[in-house]
Amino acid sequence: MTQIRLSCLVLLALVAISSADQCSESVALTCHENAYCEDEVCFCQEGYIDDSAGADGTSCVDKGSLDVDDLGAGETITGNFEVRGNSLVLVSCPVGYLLINSSLDEQQCRECPPRTYSFDPLDGCKKDGNLLSCPKRDCAECAVGAHCFGGSHFVPSVEASTWELEVDKESGQSVMRLVGCAKGYVLVRDSRRPTFDQCFLCPFGTYSLQAAVYPHTMVTDRAEVAETLCLPCASACVEGASCADCPGGAVIEYKTEESAASSVFPSVLAILFAFASLVVM
């Protein structure tokens with residue numbers, strides 16, 4: 001009698017264990033043909049990878065035949081993937097792109113459009129344990145003093161200007177900041193607004209013979225007052241020369257007294273000739 005009771009208990013235990021490993025029919029029917037069901041959850045079999053949006057075992061494909069171009073909201077992805085559990089996760093992108101992988105169905109390498117740029121695909125990503133989670137976000141906006149053609153293309157408008165890559169304190173983005181301009185320019189830089197960086201050319205009638213160097217020489221944070229740092233052309237006059245002409249920038253065109261007189265003489269002759277004509281009439 002005791003042996004019969006023990007056998008019954010063992011049988012009940014086995015049934016309980018077997019039931020725990022099985023799924024309800026409604027859940028099992030949702031599993032992919034290359035998946036198995038356990039504790040009401042579908043898992044892809046060995047050698048297969050889960051490429052479903054929810055990583056729920058409803059779509060299992062052979063690891064060797066998976067085309068990564070089919071991932072990420074129907075867009076082509078150019079980047080590197082890692083296998084995490086039963087899923088492929090995008091972990092890196094080329095320069096000029098932003099990595100987006102906060103959800104499997106939207107992961108992609110997003111190329112920066114014109115008027116924006118990026119030198120770090122991980123800009124704006126956050127640590128989630130040992131993993132990086134990268135949400136949708138915008139690329140860095142182009143500065144006034146540059147041309148941005150998309151991707152990582154950042155071309156200064158003034159060839160002799162100097163720029164450095166810095167991390168913006170407010171946005172956390174890697175942005176290009178202006179640190180130097182050639183002679184004849186004023187360096188405009190607002191510490192809080194990287195998009196306003198530019199080399200301002202001293203206008204007609206003014207000049208500057210100093211190179212602009214951030215943060216101390218020929219520097220302002222407002223473009224509307226940049227002209228006040230340029231010198232008036234009259235200050236360039238020297239003894240033995242008439243007032244100089246200043247077409248702008250660092251150019252000063254001096255006139256000697258002889259050249260000034262020679263330029264005045266034809267004008268005097270023209271006036272006398274006009275006066276003589278009036279008398280004759």
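This report covers the disulfides of a predicted model.

## Basis

The model is predicted, with residues numbered from 1 along each chain as its sequence is written; local features need pLDDT of at least 70, side-chain atom pairs count only at pLDDT 80 or more, and totals for chains, interfaces and linings use all residues. Side-chain values use heavy atoms, leaving out hydrogens and water.

## Disulfide count

Seven disulfides turn up in a search of the whole structure. A disulfide here is a pair of cysteine sulfur atoms within 2.5 Å.

## C112 and C139

The sulfur atoms of C112 and C139 sit 2.1 Å apart. Their S-S torsion is about -90°, so this disulfide is left-handed. C112 lies in the loop between β8 (108-111) and β9 (116-117), and C139 in the loop between β11 (131-133) and β12 (140-141), so the pair ties together parts 27 residues apart in sequence. Strands are DSSP runs (E, at least two residues), numbered from the N terminus.

Both C112 and C139 are buried. Buried means under 20% relative accessible area (1.4 Å probe, protein chains only), exposed means over 50%, and partly exposed lies in between.

## C142 and C148

C142 and C148 are also joined, with their sulfur atoms 2.1 Å apart. This link is right-handed, with 80° about the S-S bond. C142 and C148 are both buried.

## C181 and C199

In the C181 and C199 disulfide, the sulfur atoms are 2.0 Å apart. The torsion about the S-S bond is about -90°, so the link is left-handed. C181 belongs to strand β16 (residues 174-181) and C199 to strand β18 (residues 193-201), so the pair ties together parts 18 residues apart in sequence. Both C181 and C199 are buried.

## C237

C237 is partly exposed, at 27% relative accessible area.

Conventions:
Helices (H or I, at least four residues) and strands (E, at least two) are DSSP runs, numbered from the N terminus.
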